[in-house]
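Hi there,

Here is the structure I promised to pass on. Could you have a look at it alongside my notes below?

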Amino acid sequence: MAAALGVRPTKQRGQNFVIDANTVRRIVRTAEVRPDDAVVEVGPGLGSLTLALLQAADRVTAVEIDDVLAAALPATIAARMPHRADRFALVHSDAMHVTELPGPAPTALVANLPYNVAVPVLLHMLDTFPSIERTLVMVQAEVADRLAAAPGSKVYGVPSVKANWYAEVSRAGAIGRSVFWPAPNVDSGLVSLVRRTEPLRTTASKKEVFAVVDAAFAQRRKTLRAALAGWAGSAAAAEAALVAAGVSPQARGEALTVEEFARIAENAVHGEAE
């Protein structure tokens, strides 16, 4: 198919196409796709996962940025799964710019995400489409570890906390290199995200909480008193917010849960300090 389309996977777009039927079936199974699901897929490529999803879900909407791939996908679906073609929709766009999707609100996100944009795309989709209850993404193993890391882990950081704002996150398996074309020089992993049934209870906005998270990890080695000084206006103001939130000013960002970051944001004293 790629030869017929004149397509070569590009590094620039982080394209590695899944060429193993067992792998796409395993992804659909692990994602627990149901017959009533409206699934959104980002980066469908040549359509191998798309076809597997269409077999299991009520409908699939694929978001594809690549002109040639986007043009070819509807014909691939029509040729290989004609009885389900009316259940498929294509959005030819950069996923980072997608703010609405055709048809019913998506209930699941299942994707082999391009390595270079995996985290921003994932967070954008979770933020833009609160109807997405379950997500299963295939990403670089290192990114999978980071997303699913718990506080105190060496790889716990901004992606871990922000993903946890939306969902319960866990590793859902490893994927070898040989199932891709071209074979990447890194391993891949599956990450499951199940949206929180109740949003995080906090009076702070997501933007305010994420500002604290970004500041805390911008200088990982520093204590929170020092790392949050710029955010709070001074080290003393940072210390006051931390103490009020019940967090040690000597702690570091990687020790904190998303709930603790939210408490710090709630206790910001910007207004009074100015």
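Let me start with Ser192, which is in contact (heavy atoms within 4.5 Å) with Thr135, Leu136, Glu168, Val169, Ser170 and Ala172, leaving aside its neighbours within four places in sequence. Ser192 sits in strand β9; helices (H or I, at least four residues) and strands (E, at least two) are DSSP runs, numbered from the N terminus. With a relative accessibility of 18%, Ser192 counts as buried. Buried stands for under 20% relative accessible area, exposed for over 50% and partly exposed for what is in between (1.4 Å probe, protein chains only).

A word on the source: this is a predicted model, in which local features need pLDDT of at least 70 and side-chain atom pairs count only at pLDDT 80 or more, while totals for chains, interfaces and linings use all residues. Residues are numbered from 1 along each chain as its sequence is written, and side-chain values use heavy atoms, with hydrogens and water left out.

Now the overall picture. The protein has 13 helices and 9 strands. Its radius of gyration is 21 Å, close to the 19 Å that the globule rule gives for 274 residues, so the protein is as compact as a globular protein of that length. That radius is taken over C-alpha atoms, and the rule is 2.2 Å times the number of residues to the power 0.38. Along the principal axes, the C-alpha atoms fill a box of roughly 65 × 40 × 30 Å. Buried residues account for 50% of the 274 residues. Of the contacts between residues at least 6 apart in sequence, 69% join residues at least 24 apart.

As for the surface, the protein exposes about 12800 Å², and carbon and sulfur atoms supply 52% of that; the areas come from the Shrake-Rupley method with a 1.4 Å probe, and for residues only the protein chains shown count as cover. There are 28 positive and 28 negative side chains, with the centres of the two sets 6 Å apart. Lys and Arg count as positive and Asp and Glu as negative, without His and the chain ends, and each charge is placed at NZ of Lys, CZ of Arg, CG of Asp or CD of Glu.

In α6 (residues 141-148), Ala141, Val143, Ala144 and Leu147 are buried. They cover an arc of only 160° around the axis, going by the directions from the helix axis to the C-beta atoms, which puts them on the same side of α6. The buried residues of α6 pack against α5 (118-128), β6 (134-140), α7 (158-166), β7 (167-175) and β9 (188-195).

In α7, 7 of the 9 residues are buried, so this helix is largely enclosed by the rest of the structure. Those buried are Pro159, Ser160, Val161, Lys162, Ala163, Trp165 and Tyr166. Their cover includes α5, α6, β7, β9, α8 (206-218) and α12 (258-266).

Finally, some loop residues. Pro82 lies between α4 (67-80) and β4 (88-92) and is exposed at 54% relative accessibility. Asp86 is also found in the loop between α4 and β4, exposed with a relative accessible area of 61%. Glu32, in the loop between α2 (21-30) and β2 (38-42), is exposed at 56%. Glu32 has a positive phi of about 55° although it is not a glycine. Most residues other than glycine have a negative phi.

Best wishes
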